[in-house]
Amino acid sequence: MSNASASIHGAFCLRDSGIPASDDYTTLIIIHGFGWHSGVFARFFPLAAEHNARIILVNRRDYPGSAPISEEDRNVLASVASESMPAEPARKALHDYLIARSRELYQFLVEFVNKEMVTPSGGLVLAAWSFGCSLITALLADISSVQLTSERLKLRQCIKRVVLYDPPYHAMGYQPPPDSYNPLFDASLALGEGPKRFPAWISGYYNHGDSAYTLEHRNTLPEPRPTILTMSALEVESALYLNPTLPGGSDDILLSKGIQHGIFTALREQALYVKDNSEHQNWSDVELSYIWCDHSVWEMPWCTWAFQAELDEAKRIGRVIRKVTMTRLRGANHFYHWDMPELALRAILSTPI
């Protein structure tokens, strides 16, 4: 992944850029996406000190170094995938599974800010990329149900911002446009072929135009080339791990069946719309920063337009939502953090570009 050594914290394997030589640095914790684990953010590490940031890269469960999911959870996912479970119990099982993963993340964050030198002055930014954004919406959806202790209050005092970095439509629970394409769902491909084609497709640059009607679904621009085609074999190996995405894998089932049962829709709505209780309890006053890359594969701009339309409608009817800021990275693909790490890091840290 990088020259940084790995360490285990609870269920998670971490890489740490190290503590800058200042008292007011920002701690940035990043959650990765589907197949591409946290090694894909390794190019942030050489930039951390000059940005006065400590960067923590987290591998989700079932990814290298982190704990595998339990046999009990694996059996539940297998039952959901086999469709032997009726729709409502399957929906609840998937919801509970993702909430359990978000609570593991929450407990890690609580322990981290209490054991490490995280202070309110420097603060903590929690960011997730791509499919990992579903873990953030799950955390925000569930946060008000967690009893606020003194240790948990410190996390609330330290957290400055939560970042959704280039989420796809399905991780946010929106419906796709007609005639959309994704190799993961291409029934014409042999079993297991979709995940193999996915990395080049997802890392391409696309010219979409400025409306939902001009989305390009399949054809990448000739230049710049898809990010994976510019990476060496060792670099790909350091950042890509397909096992959880292959048929029957934990992410494969969560993605496909989560879409089918509407899990991501429910969690987005619970995360976005503010409940009538203490802002310290539900984090309603914590900024939700939404960053999108306008040359990403169609799933990301489509998600952005759907999200913006939802924000506009909430404002029109007077529905209370948490504070949201939107940032567009022009000319950026879904792997901007690899191709242009300086600009991507500045956007996530909200440093002027």
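Angles between axes run from 0 to 180 degrees and are taken between N-to-C directions. The model described here is predicted. In this model, helix H4 (residues 150–158) lies across strand S5 (124–129) and strand S6 (159–165). H4 runs at about 70 degrees to S6. Helix H11 lies across strand S7 (287–293) and S8. The angle between H11 and S7 is about 140 degrees.

These strands belong to an open sheet of eight strands. Their order is S1-S2-S4-S3-S5-S6-S7-S8, and the pairing is mixed. Strand S1 (6–9) and strand S8 (324–329) are the edge strands, and each pairs on one side only. On average, neighbouring strands are turned by 25 degrees against each other, direction ignored. Strands of a sheet pair through backbone hydrogen bonds, in either a parallel or an antiparallel sense. Strand S3 (residues 26–31) and strand S4 (residues 53–59) pair in the parallel sense, over six bridges. Ile-30 has Leu-57 in S4 as its bridge partner.

The largest nonpolar core holds 110 residues. Trp-36, Ile-55, Tyr-165 and Trp-283 touch the most other members. Helix H2 (residues 87–115) gives the most to this core, with 13 residues. Tyr-165 has contacts beyond its neighbours within four places in sequence. Among them are Phe-41, Trp-129, Cys-133, Ile-291, Cys-293, Tyr-336 and Ile-348. Tyr-165 also contacts Ser-130, His-334 and His-337.

Helix H5 (residues 193–202) has buried residues of its own, namely Gly-194, Pro-195, Phe-198, Pro-199, Trp-201 and Ile-202. The buried residues of H5 pack against helix H6 (227–230) and helix H11 (299–317).

Technical notes: Residues are numbered from 1 along each chain as its sequence is written. This is a predicted model: local features need pLDDT of at least 70, side-chain atom pairs count only at pLDDT 80 or more; totals for chains, interfaces and linings use all residues. Side-chain values use heavy atoms; hydrogens and water are left out. Buried means under 20% relative accessible area, exposed over 50%, partly exposed in between (1.4 Å probe, protein chains only). Helices (H or I, at least four residues) and strands (E, at least two) are DSSP runs, numbered from the N terminus. Contact means heavy atoms within 4.5 Å. A nonpolar core is a set of buried Ala, Val, Leu, Ile, Met, Phe, Trp, Tyr and Cys residues joined through side-chain atoms within 4.5 Å. Two strands pair if DSSP finds at least two bridges between them.
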